[in-house]
Amino acid sequence: MDIKLQADDLRVRFATRDGMVDAVRGVSFTLGKEKLAIVGESGSGKSTVGRALLKLHPASARIEARTLRFGDVDLLRADEKQMRALRGRRMSMIMQDPKYSLNPVMRVGDQIAEAVLVHQKVSKAEVRERVIAMLEKVRIRDPQRVYDLYPHEISGGMGQRIMIAMMLIPNPEVVIADEPTSALDVSVRSQVLSVLDELVEERGLGLIFISHDLNLVRSFCDRVLVMYAGRVVETIAAADLDRAQHPYTRGLLAALPDIDVKRPVLPVLRRDPSWLTQ
Amino acid sequence: MSQPPAAPAVPAVADSAASALQETVRRALHHLLRNPMTLAGLIVVVLLVAAALCAPWIATHDPLRQDLYATLQAPGAAHWFGTDEYGRDTFSRLVYGARTTLYIVALVTVVVGPVGLAVGAASGYFGGWVDTLFMRITDIFISFPSLVLALAFVAALGPGLEHAVIAIALTAWPPIARLARAETRSLRKADFIAAVQLQGASPMRILVRHIAPLCLSSVLVRLTMNMASIILTAAGLGFLGLGSQPPSPEWGAMISAGRRYMMECWWLVAMPGAAIMLVSLAFNLLGDGLRDIFDPRS
Amino acid sequence: MITVDRLALSFGDHQVLHDVSFDVKEGEVFGLVGESGSGKSTVLRCLAGLHTHWQGAMRIDGQELGHRIDRERCRLMQMVFQDPYGSLHPRHTIDTALSEPLKIHGIGDIDDRVCDMLVKVGLNPSFRFRYPHQLSGGQRQRVAIARALILSPRILLLDEPTSALDVSVQAEILNLLEELRLREGLTYLLVTHDLGVVVHMCHRLAVMQQGRIVDTLDSELLRTGGASHQYTRSLLAASRSYQREAA
Amino acid sequence: TTPRGQLVIGMNMNNLLSLDPAGATGNDVLGVVANLYDYLVELDPHDLTIVKPALAEKWEIAPDRNSLTLTLRDGVRFKSGRLLTAHDAAWSLQRVLKLNLAMASPWKSYGFSKANAEQLITAPDARTLHIVLPEPTDPKMVLYTLGTSVSSAILDRDTVLAHQKNGDLGAAWLLTHAAGSGPFTLTEWRAKDAMLLDRYDGYWRGPAKLRRVVMRHVPESLSLRFMIDRGDVDLAAGMAAPDIEALKHVGRVDVQPVKRGNTYYVALSLKDAKYADKRVRLALRKLIDYDGINTAIMPHYGVPHQRPVMSGLAATLPDPGYKLDVAGARKLLAEAGYPNGFRTTIRVLSDPPMINIATALQATLAQAGIDASILPGTGNQVYGSMRDRKFEIVVGRGGGGVEPHPHANLRAMVYNPDNRDAARLTNFQGWRTSFHDDDINRLIEQAVRERDEQKQLAMYREVQQLYDREVGAIQPIAQMVDTVVLSRRVHGYVGHPSATTLLRDVYKD
Amino acid sequence: MSGLKKGAGAWRTRLLSTAATLLGLLVLTFFIGRVMPIDPVLAIVGPDADASTYKQVEAQLGLDRPMLVQFSHYLGELAQGNLGTSLLTGNAVSADIARVFPATVELATLAIIVGTLLGVPLGVYAASRRGRLGDHVVRVISLAGHSTPVFWFAMMGLLVFYAWLGWAGGSGRIALAFDGAIPRVTGLLLVDTLLSGNWEAFASSVKHIVLPACILGLHSMAYISRMTRSFMLAQLSQEYILAARVKGLSEAAVIWRHAFRNILVQLLTIVALAYGGLLEGAVLIETVFAWPGFGQYLTNSLLLGDMNSVMGCVLLVGVIFVTLNLVSDALYQVFDPRMH
Ligand SMILES: Nc1ncnc2c1ncn2[C@@H]1O[C@H](COP(=O)(O)OP(=O)(O)OP(=O)(O)O)[C@@H](O)[C@H]1O
Ligand SMILES: Nc1ncnc2c1ncn2[C@@H]1O[C@H](COP(=O)(O)OP(=O)(O)OP(=O)(O)O)[C@@H](O)[C@H]1O
Ligand SMILES: [Mg+2]
Ligand SMILES: [Mg+2]
């Protein structure tokens, strides 16, 4: 399996009002042509890892790692210019909430087109064609019309698909999806996921799927990283999730109310301080 | 050793009502230490207060003492900042002027804050005809040439600092009211307001205890930032002879009287001018800082 | 206990609720599910008295509900909101939040009641003087529940009380709610979009779509696959897990 | 720099309101009207008591001193082309009285009125104007009024009547227009911006040397100073003292002070119980720092003067030499029952030097324990409160003094024939301050009727002594000086003490 | 159909409330005029008039009639488009305003252009460098600009650029030589001189307006840059900015193409209001530069108690603000797709 992304002992610290906060404390993983999930409770550092890979952090963040490579690029040494060349073109990120992640005063088509135009000099007509083709690909009906809509004129599910189109149109090798469906309805969710799934299949890209929905991850991804307090406590094939070893993972699974099994009381996660250090 | 982020993100605090306040103070202090600009602003404001309180000890002369035979003397050992057209000591007047300035600041805050807050919050909370009425009134006051209002008010009540300041306040509340209204309108929909409504709280109670305190910080911040222009407007009224009455050492009036001599006696304008600038700069910096302290989003 | 009869509501030209009717029995947990925007929260808000311009009828114990909030209604029925971060006043301590309803209703013995309540929802009374920002999401939701219960209502309206929370915390809150219900004999009207939660908590549920109730059924049916309505089935399918063909 | 044939005057034109001779108040308008219109006689700017012929070739005072006969010169034409006759003159004077606006007041003080104007002011023929005095008075005074008051300008009757509206005798039109025979015509007037006067080529004395006079509104003294310094203005009027002082040292300009008949004074209201007490008034007289004020504040605004009659007249007594005497004042106050002083208010115009005098006064009052707060205001407010007799102290400027006659000052400042509130003699400062002394009143009345000059002089001197002894309500500090700064390119400018400065002989390099 | 009807209804409400605002303004002004202890009669008759003259003038002006009668008379005249005559100058108030207002419009327009061209880029720059040196420098500059008395700037400007360097024209709108030589068409001298084809006159009027306009502009620059900064900061913390960065956009594109476009409307509103403030008259600047503008006119009228003029001025200012409000609403309609 060719390795697209490699992180070794990634650490992210934030300088805050109350001193330094360690958000990510030594995370290591590799990503090939696969769907890698990162799960964990809120605040465990999932998004921080995702953003660190794109170096999209505020000035207050310090990123350290033994290795942080993307293909042939050493992300740790890359300067802002190199990163810009990389972002979008080779590695991109789908954000959680289409409502806030699209520029409200720009036509959605233009926003997608922009992603192409940053990296390539193409004629206007050709860009439009490509955007419309991409919109079709993410199964948007009547893409000609949708091209000219503004973000507030489209529904959440559509917005998320536009987001996906925008991030995939430059044909990146790696896509980081940060909770791409948590703002969506269950019914729309599966549509969006299937679009994503199809594109991964088709283009052979590496997908990092950040989520806290274990049920979803189990069926959608290939491999799962379970994070707790800024560390990876367990890496496991998605299919084997039920056989997870770590008590944290197991606790998370158990706490999930199940449609099929009715339990009088839900087991509650008991945190063990030793998880922080192991 | 740093705290793991996922562990219950609750800082250890001693549990008492007082410690809640302590925590706020601690955060403010912390912020101050990390923001030299805010700190500088605070220092100047503290100095201003100190100068106002300790004026008699700081001033080298009686600020009102005239010496018509030693007028317009350049800064020197006898008079650090020179003397004015009546031979009064500029430095001492500047020091005593701190009182007036502080008085203006306090008076405007006391008038504008509550009025703007009350009108804005009521308007935003009740909506409907209350909103329409209050906003029309606000519109009237906004589109009223502020000078006309100020002049008219001063003319009606007679000249004097209080009246000038009240006049300024009359022209200064509408923006505050609008701010409070906007804030209230977004708060009105908040769940915690719905929650107290469900507990049977009266609108008055909700306005006073729940909404007003939340608008207060932005109102205060805005007021601090307006301080500069308020001091200057007071000076401007003084320029038209409607501000503080002689011989009160008000900085704006000092400038406006001193301007007649400014080509030959630069200190008469430069000194109070610098003082106004410094203080308004300080208030602005402090206002910026306060916004950062109050606003958790930043 | 609760009867909602042909409830209808419009905002401007936009009709949000169309003839919504259902009953909830005493001591029952009744679920209200449906996709986003289907009007679930709106039904709760009408019941609580936060919307006043509805049409139709609502009854508690056969007693007709007025359009405005009154003291009596407050003591009968309280609500817990979805977002624990938005439902507590950021500048009020827990103590202030909990004692305020008591003060409004002129109930004495405030200190004891507040402490008791905190214990009841599983919070250490030492939390009393903290501010919301010093609490985690789960702890805030406990405070919100405590606030709702401090006037000893008989009905709790729960608007997605756990959807902003982690699974682990969700479990704690759901357990707490169940425990309280049994202990205090409360009636719940629970809005959620998580069918797992519905099955876990509710006796019966109504499925809403675009402001209408399209299906009312026993939650047992849901679990055993006995749901017959098309829309209910599609919801169920979507929430089980991701299947490529489903989309 | 300014063009050759033009005189550019920079001044504050805020007080230039009406140009109608019947209603125009204020000093600034005098300078304009004097150049747009002609007067029957003129006063010599170097010695005001010398009356010189103008429209009137000669004049005669009847032996009984009850009437004046003026003979008008022939061939004078208005700008409209009409010949100026005695009928125009009579109508102009009657018009002032009929309209009964501000400028009727000197005429009313001689006993003229709306009702008697047509009988008393007559033109028996085209060149003779006959003025009968309704009451005995000093006819010289009337002559002075004819030479100085705006109300004495001679209007083109037909032109004015052509613009009459609703029988207003052209009052509305004349607010902003002029119809006279003077050396200049009003070409354009934009209120509070600029006024252009162009030469009238048919002027009977021969055309003026200047082609055009431009007055520009420059309210800020410092701006004016920069302008005259750069030569963008030829003549600057009404500048602040520091700027005049600075310009004294600039080679290209001259500073020309002109003494006026007005005084800067401190007025007390005898309505106020405190000041009704002579001792308190005397104490206040001792609490003015005459020397300090005149050294530090008054240069370019005024010269020391302490008498109610303006300096330079034969009747004027030398200054009594009042001085600041805090100890003496304290003693007097203690005697009057105010050992610890009292609180009072000073109303004052917020312009220099009045506000400065008030501030200085405030400081010296404080030395005797009197806590005075200053209420600055516009002239309207200050003099309004005086008219209503609602004030304690006013620092002001005024006192007649247009006519070079002691009576003019005394009438304005001292005379008060009826001290009742209902009398509303609002035009007399004496009434406004509620200062009333029968002896003084009687002397003033007698003096103006006295035919014997020596006796008259003696009476006027006695009035001043009495006023000193009785401690009158108004204490003059300085006599007004009007200082203009003018470029050395300007020649022939002679500032007139009555403000009727004539520009017809002015020219520029 | 119903949308159209709704639109018309909204407009009717708008107009009604606008009229209510203006009427309120008039009532307030009228009332103020009456309680103010400035007596227009006294301003006309002068300080030395006697009681009979006073009474007569008072009656002529109708000031002896009951207040309500006076006010309804004023409204009646106003309904016929008549603002009355200025009590003191005898000119029609509308003519007076038509004379002084263009002078202020000219000055204010140039000033707001200067202020905006400087203030907006500075504000954007400061926001993009938040917390860093550049931010602090811009902040201090703009605050200093805001806290320095404007007349001090004006005097210093006159001293340096007029008295010493001679670059700027002095007081007034144009050199005196051109006074009366330029036919008045619009009242805006810059335009009128151009129309007359008199280049020297045009140059002169440019020379005269530059300094006061720049000084006013610097003053509004301070305000505009502050507001720009805070608007930009609010936008820069939005998610869509992150999305733009993810696309690989350069910082400049992120700031100008994305963030700035979102603050455009808010900014226009702020600039419009600042412009309204300038139109209301910068009395101090007008005084220092002897600019025969609206602010001076209003102040003088007020100080003399010339209430007809004051009412006219207040009405004009009211109309300006109401219009600016409407314009800024319209701007939202046009530029903000969310409002369509
Ligand atoms: N800009 C920042 N400054 C300071 N702390 C930060 C910042 N961004 C994130 N953190 C902290 O880093 C930790 C991890 O945050 P992160 O957003 O990665 O969590 P997450 O796993 O994505 O959570 P969620 O599921 O809620 O999105 C948290 O404790 C958070 O408070
Ligand atoms: N105050 C309001 N004004 C106008 N429309 C409203 C208002 N409140 C709710 N709506 C509309 O009513 C509809 C139902 O909203 P509601 O909040 O009840 O949905 P919901 O089922 O609770 O959805 P969610 O799962 O997203 O909370 C939505 O279309 C919403 O836009
Ligand atoms: Mg996250
Ligand atoms: Mg909802």
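A polar contact is a pair of N or O atoms within 3.5 Å. The model discussed here is predicted.

Q: What makes the pairing of A:S42 with ligand 1 a polar contact?
A: A polar side-chain atom of A:S42 lies 2.5 Å from an oxygen atom of ligand 1. The cut-off is 3.5 Å, so this pair counts as a polar contact.

Q: Which elements give two or more residues to the shell around ligand 1?
A: In chain A, these are β1 (5-16) and α1 (46-54). The largest share, three residues, comes from α1(A).

Q: Why is the site of ligand 1 called shared between chains?
A: The residues surrounding ligand 1 come from chains A and B, so the site belongs to both. In total, 14 residues surround the ligand, and the closest include A:S42, A:G43 and A:T48.

Q: How do the residues of the shell around ligand 1 divide into nonpolar, polar and charged?
A: Four are nonpolar, seven are polar and three are charged.

Q: What makes up domain 1 and domain 2 of chain A?
A: The domain assignment gives domain 1 as 30-60 + 77-90 + 174-278, and domain 2 as 100-171. Their centres, taken over C-alpha atoms, are separated by 26 Å.

Q: How do you know that domain 1 and domain 2 of chain A are in contact?
A: Contact requires heavy atoms within 4.5 Å, and 19 residues from domain 1 and 14 residues from domain 2 take part. Between them the two domains of chain A bury about 1500 Å², 59% of it on carbon and sulfur atoms. On the domain 1 side, A:R89, A:V195 and A:R203 supply 37% of the buried area, more than any other three residues.

Q: What area is buried between chain C and chain B?
A: The area is about 2600 Å², and carbon and sulfur atoms give 56% of it. The contact joins 35 residues of chain C to 25 residues of chain B. In chain C, the residues that lose the most area to chain B are C:H89, C:R91 and C:Q134, together 21% of what that side buries.

Definitions and conventions:
Residues numbered from 1 in each chain as written. Chains lettered and ligands numbered in written order. Predicted model: local features only at pLDDT ≥ 70, side-chain atom pairs only at ≥ 80, totals over all residues. Heavy atoms only, no water. Near = heavy atom within 4 Å. Polar contact = N/O pair within 3.5 Å; in protein donor to acceptor, adjacent residues only side chain to side chain. Helix = DSSP H or I, 4+ residues; strand = E, 2+ residues; numbered from the N terminus. Nonpolar A, V, L, I, M, F, W, Y, C, P; charged D, E, K, R; others polar. Domains from an automatic or database assignment. Buried area = accessible area lost by both parts, 1.4 Å probe.
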